[in-house]
Amino acid sequence: MKKILLSLLIALVSVCFLYAGGSSENADGDSPITLTVMNWQFNEAGKGDMLRAMLAEYGETHNIQFEEISIPWGSYPDTLFTRWASGDAPDIVFIPDASLANAVDMGYVLPLSDYIDFSQYEDEFSPLINELMFDGKYYGFLSEAVIQELIYLPDLLEEAGLDPNSPPTTVDEFIEYASKIAATNPDYIGYGTRNSMDQSIGWYSDYSSWAYGFGARWAENGVPTINSKENVDALTAYKRMYDSGAMTKGVTSTNYRKAMSIGQCGFITDNSSNIFTFLSDNPELNVASAPLPFPCEDSVTELVVLGVSNDAPHKEEAVAFVEWFMAPENYIPWMESISCPTGAYKQSVSDEWIEANPTSKAFIEGANHATTVVPDGLGVYMGEFRDIVLRHMETVLLNNVDPQTALDAAQNEVLKMLE
């Protein structure tokens, strides 16, 4: 019974904490303003603590208190939209990029460029921040951008008889190297990745690095391109890796990332934050990064958007916090604290930090060729679009349906959905 109650609490209840800012009263005798902050990252080891520290720093210097609304990732988008719709909007919201178009379309997010002068930083902005612009206005600021590149363990390459300093650069090499690592030891994983519907959000992101790496896109200007030649080629190659026996099947990201942290997984296609998690768990781990081994240099990114609710109880104070967060002198320490080298600016971390963290360089370069996984012009249909594509991809993996046939069916189903 205790386990059941605990599960219900985790799934349904927001855990709130209060960060005190300054004294209990300001110079005019007023009590501090309390801003509510909603984010799934409060639950993430390390990052949650860094977020709390950043909020505490701002609160101390601006006489603000922060009330934490911590929601598990799996239920975060639904909970956020439910709160918006019910008139219980948090002041400050962290929004997954896949949910931003819907939030803007429904009028839930404040157009920040009506309140903040973005032009003062535009020369230094990364092109990634353009994903936050609708009708010429910024509806948020980029808290971080996670870029997918190849992460690998040189020691496992060497153990498999491969050059530890030469990671794969082609799909054929990728499959070959992963297969050799998996054959070296029954406990080893060649390539760890998500590929089942119970992890659909993560699978869609992981697989998109293959699709984009073959020059494909899910849509262009609101028109789905699911069954393009590039997408068919990508899925055909992915199926080869799936059938090789080197790739995880139905395994959670927690499991294969743990395997890498203890030196038992050769490759993952993932974001840089995992490297710092691995090294935190296992400081002796020899881990490296490289560009994705696909025909095109294009990569994928997922964006975390910092925004203000349109119905925020304390809109002015929430906007002031975002404006403070945007300033490079505050933003760069934030990015370094969470070990994320890519974000709102062309250079979101210092040169000294990059030199101290050489594995970050592949991700920084990848940001120059990265595109969000949200289908262009169809962001408001993201959830339905994703599930349709993956259901038909699953028939290729599990039932050996021809990739062209499966993607034609997915294209037709999405078109019917749009009609």
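**Strands, salt bridges and a pocket in a predicted model**

Strands β9 and β12 (residues 265-270) pair in the parallel sense, with three bridges between them; strands here are DSSP runs of E of at least two residues, helices are runs of H or I of at least four, and both are numbered from the N terminus, while two strands count as paired if DSSP finds at least two bridges between them. The model is a predicted one, so local features need pLDDT of at least 70 and side-chain atom pairs count only at pLDDT 80 or more, whereas totals for chains, interfaces and linings use all residues. Residues are numbered from 1 along each chain as its sequence is written, and side-chain values use heavy atoms, with hydrogens and water left out.

Tyr-188 is found in the loop between α6 (171-184) and β9. This tyrosine counts as buried at 16% relative accessibility, where buried means under 20% relative accessible area, exposed means over 50% and partly exposed is in between (1.4 Å probe, protein chains only). Tyr-188 and Pro-164 are 24 residues apart along the chain, and their C-alpha atoms are separated by 16 Å.

Now to β14 and its partners. Nine of the ten residues of β14 are buried, leaving the strand mostly covered. Strand β4 (residues 92-96) runs antiparallel to β14 and is joined to it by five bridges; Ile-95 has Val-305 of β14 as its bridge partner. Strand β7 (residues 141-147) also pairs with β14 in the antiparallel sense, over six bridges, and here Val-146 is opposite Glu-302. With β15 the pairing of β14 is parallel, over three bridges, and Thr-301 faces Thr-372 in β15.

Another parallel pair is made by strand β2 (residues 33-39) and β3, over seven bridges, with Met-38 opposite Ile-69 in β3. Strand β3 (residues 64-70) is largely enclosed by the rest of the structure, because six of its seven residues are buried. Over in β2, Thr-36 is buried too, with a relative accessible area of 15%. The C-alpha atoms of Thr-36 and Ser-126 are separated by 28 Å, the two residues being 90 apart along the chain.

On a 1 Å grid over the protein atoms alone, a pocket is an open set of points where a 1.4 Å probe fits, with protein on both sides within 12 Å along at least five of seven lines, and lining residues have an atom within 4 Å of a point. Of the 25 lining residues, Glu-131, Thr-372, Val-374, Asp-376 and Gly-377 are the closest to the centre of the second largest pocket. By class, the lining has 15 nonpolar, five polar and five charged residues; Ala, Val, Leu, Ile, Met, Phe, Trp, Tyr, Cys and Pro count as nonpolar, Asp, Glu, Lys and Arg as charged, and the others, Gly among them, as polar.

As for charge pairs, the structure holds 16 salt bridges, each a side-chain nitrogen of Lys or Arg within 4 Å of a carboxyl oxygen of Asp or Glu. One of them links Asp-49 and Arg-52 at 3.3 Å, N to O. These two residues are three apart in helix α2 (residues 47-62), so about one helical turn separates them; Asp-49 is partly exposed at 48% relative accessibility. In the salt bridge between Glu-44 and Lys-47, the closest N and O atoms are 3.9 Å apart. Glu-44 is partly exposed, at 32% relative accessible area, whereas Lys-47 is buried, at 12%. Arg-83 and Asp-88 also form a salt bridge, with 3.1 Å between the closest N and O atoms. Here Arg-83 is buried, with a relative accessible area of 17%, and Asp-88 is partly exposed at 39%. Through shared partners, salt bridges join Glu-44, Lys-47 and Glu-144 into one network.
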